[in-house]
Amino acid sequence: MMKNEAALSVQDLRVVRGGREVLHGVTFEVPRSSVIGLLGPSGCGKTTLMRALVGVQIVASGTVTVLGEPAGSPGLRRRVGYSTQKPAVYTDLSVSENLRYFAAVLGAPRSDVARVTDEVGLGRHRDQVAATLSGGQLNRLNLAVALLGSPELLVLDEPTVGLDPVLRQELWELFHELAARGVTLVVSSHVMDEAGRTDRLLLMREGSILADGSPESLRARTGATDLEDAFLRVITETTASPS
Amino acid sequence: MSLTITLATARRILAQLRHDHRTLGLLVGVPSLLMILLRYVFDTPGMFDRIGPLLLGLFPFVIMFVVASVGTLRERTGGTLERLMTTPLGKLDLLLGYALAFGLVACAQIAVVLTISLTWLGLDLAGSIGSLVLVSVLGALLGMALGLLASAFARTEFQAVQFMPAFVLPQVLLCGLITPRDRMAGWLEAISNVMPLSYAVDAMQRVSREATFSGGLARDVLIITGCVLLALVLGAATLRRRTP
C-alpha cells in the first residue's frame with residue numbers, strides 16, 4: 001500500500017435525495033493522519049457527504065475513493081469506523097453488551113471493549129442499559145462503537161454534541177492522538193468554536209464546499225479573527241462574486 | 001457469511017429479549033393461555049384433539065411473525081441496520097442470527113405449550129411428540145421468516161403491525177382450519193395451495209391423525225423448510241447496503 005496516497009479523494013460528487021440535488025459536485029482530497037473538520041449549518045449536506053464516504057449513500061455521479069478503494073468496498077468494512085449523528089446502538093442492551101456485539105461483528109479483539117469504554121469515559125456505566133444513559137453518554141457509546149478495531153479512517157457525525165466542555169476537550173485530544181498514530185478523522189460539527197481544533201476545515205453551505213484550508217489560512221485569507229466571522233465573510237464573497 | 005458473526009448476532013438478540021422480561025413472558029405465556037381457553041371453549045375432548053394440534057402450529061407462527069417484523073423494523077429505523085451494513089456483517093449473517101435466536105425462543109415456547117396441552121389439557125395425539133415439535137418449530141420459523149420479509153415493506157411500526165392481518169389472516173382463512181381445503185371453490189384452493197401456512201396446518205393434521213411419519217408429512221416438512229429458506233433469502237435481498 002502506498003503510504004502517501006490520499007486517505008480520501010472525492011471527485012465531482014453529486015447526490016440526489018428526495019428528487020432534489022443535495023450535493024452539487026463536491027471535490028476534495030484529504031491526506032492521511034489528519035483531523036478534518038466538516039463545518040456548516042444544519043441541512044448543508046454534511047451527513048449526506050459522510051454517508052457517501054462510508055458507502056451507504058446512493059450517489060448520482062462522481063467518485064469517492066477511500067484509502068485507495070471505492071467507498072463501500074468490502075475490503076474497507078474493517079478499516080472505516082462510522083458514527084451517525086443519531087446514536088445507532090441497541091438501547092435495550094447494556095454498554096458492554098453493545099460493544100461486545102459490535103466488536104464480534106468487526107472481528108476486533110475482546111480487549112477493545114474495555115479500551116474504547118475508557119477512551120470515551122463510560123467506565124462507570126459499562127453495565128448500564130443504554131436506554132437509561134443521558135443523551136451525552138449515549139453519544140459517547142455511539143462514538144465508542146466507531147473506535148472498535150483499528151480503523152484507519154473515522155467518519156464521525158457531530159460526535160461532541162451535548163457534551164460538557166471538559167469531555168469535549170478530552171475527546172478532541174483523543175482525536176489528535178489517533179491522528180498522530182496515523183488515523184484520518186473526518187469530524188462534522190455545526191459549532192464554529194470546534195473548527196479551530198482541526199488540522200483542516202471544509203466549510204459547507206447548501207451542498208457545496210465554500211472553503212477548504214487550515215483554520216489559520218482561513219483567518220488569514222478573510223482577515224477575520226474568529227472563524228464564525230471568517231465563515232460569514234466567505235459566504236459574502238461567494239454570493240457577491242458573479243457565478 | 002461468517003459463523004462467528006451469525007452466532008454473535010443470535011446471542012445479541014437473545015440478550016435483548018433477556019432484558020425485556022415482559023416480551024419474554026408474553027412469548028411463552030400467550031400461546032399457553034390460548035390453548036387453555038381453547039380446551040374449555042370446546043369442552044369436548046374429541047373436538048380439542050382435532051383442533052388443538054392445528055392451533056399449536058398456528059399460534060407460534062402468528063406470534064413470531066409479529067415479533068420478528070417489529071424487531072427488524074426497529075433495527076431499520078433505529079440506524080443499527082445502517083451501521084451493521086458498514087461492517088463485515090453479511091446480510092444472511094443477520095437473518096440467520098435472527099432465525100437462530102427466534103428458533104430457540106420458539107423451542108421454549110412450544111415446550112411449555114406442549115407440556116400443558118399433553119398433561120393438564122389431556123391432548124391425545126396419534127403421531128409422535130417428536131414430529132409435533134418439529135412441525136411447530138418449523139411453523140414458528142416460517143412466521144419469523146415471513147415477518148422479516150414483511151418488515152422490509154413497512155416504514156413505520158403502525159404499518160408493520162398492520163401486516164399481521166394482511167399477511168397472516170388470509171393464510172389462516174385459507175389454510176384448512178375453517179373449511180377443509182378440498183371443499184373450497186377451485187380458485188380459493190389454488191390460492192391456498194401456494195400459501196405456506198396451508199402446509200404447516202396440513203402437517204399438524206397428519207401428526208394428530210397418523211401414527212407414523214408418513215410420506216405426506218415428509219412432503220409438508222420439506223415444503224415448509226423450503227418456504228422458510230426462500231423467505232430468508234428474499235428477506236436478505238431486501239436489505240440494502242446503500243440507500244437513497
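## Exercises on a predicted model

B:Asp49 sits in helix 3 of chain B. The model is predicted.

**Exercise 1.** Decide whether B:Asp49 is buried or exposed, and list what B:Asp49 touches.

*Solution.*
1. The relative accessibility of B:Asp49 is 19%.
2. Buried means under 20%, so B:Asp49 counts as buried.
3. Leaving out residues up to four places away in sequence, B:Asp49 touches B:Gly122, B:Leu123, B:Asp124 and B:Ser208.

**Exercise 2.** Describe how helix 2 of chain B and helix 5 of chain B are arranged, and sort the residues of their contact by type.

*Solution.*
1. The axes of helix 2 (residues 21-42) and helix 5 (residues 91-118), both of chain B, come within 9 Å and cross at roughly 30 degrees.
2. Angles under 35 degrees count as roughly parallel, so helix 2 of chain B is roughly parallel to helix 5 of chain B.
3. The crossing is right-handed.
4. Helix 2 of chain B contributes residues including B:Leu27, B:Pro31 and B:Met35; among those from helix 5 of chain B are B:Val105, B:Gln109 and B:Ile116.
5. The residues of this contact divide into 9 nonpolar, 3 polar and no charged.

**Exercise 3.** Find which residues have the most contacts inside the largest nonpolar core, and which helix gives the most to this core.

*Solution.*
1. The largest nonpolar core has 114 residues.
2. A:Leu99, A:Leu185, B:Met35 and B:Met144 have the most contacts inside this core.
3. Helix 3 (residues 45-77) of chain B gives the most, with 14 residues.
4. A second, separate core has 31 residues, among them A:Leu23 and A:Val54.

Conventions
Residues numbered from 1 in each chain as written. Chains lettered and ligands numbered in written order. Predicted model: local features only at pLDDT ≥ 70, side-chain atom pairs only at ≥ 80, totals over all residues. Heavy atoms only, no water. Core = buried A, V, L, I, M, F, W, Y, C linked by side-chain atoms within 4.5 Å. Buried < 20%, exposed > 50% of the residue type's maximum accessible area, 1.4 Å probe, protein only. Helix = DSSP H or I, 4+ residues; strand = E, 2+ residues; numbered from the N terminus. Axes fitted to C-alpha atoms, helices over the stretch in contact; angles between N-to-C directions. Parallel < 35°, antiparallel > 145°, perpendicular 65-115°, else oblique. Left-handed = near helix turned anticlockwise from the far one by under 90°. Contact = heavy atoms within 4.5 Å. Nonpolar A, V, L, I, M, F, W, Y, C, P; charged D, E, K, R; others polar.
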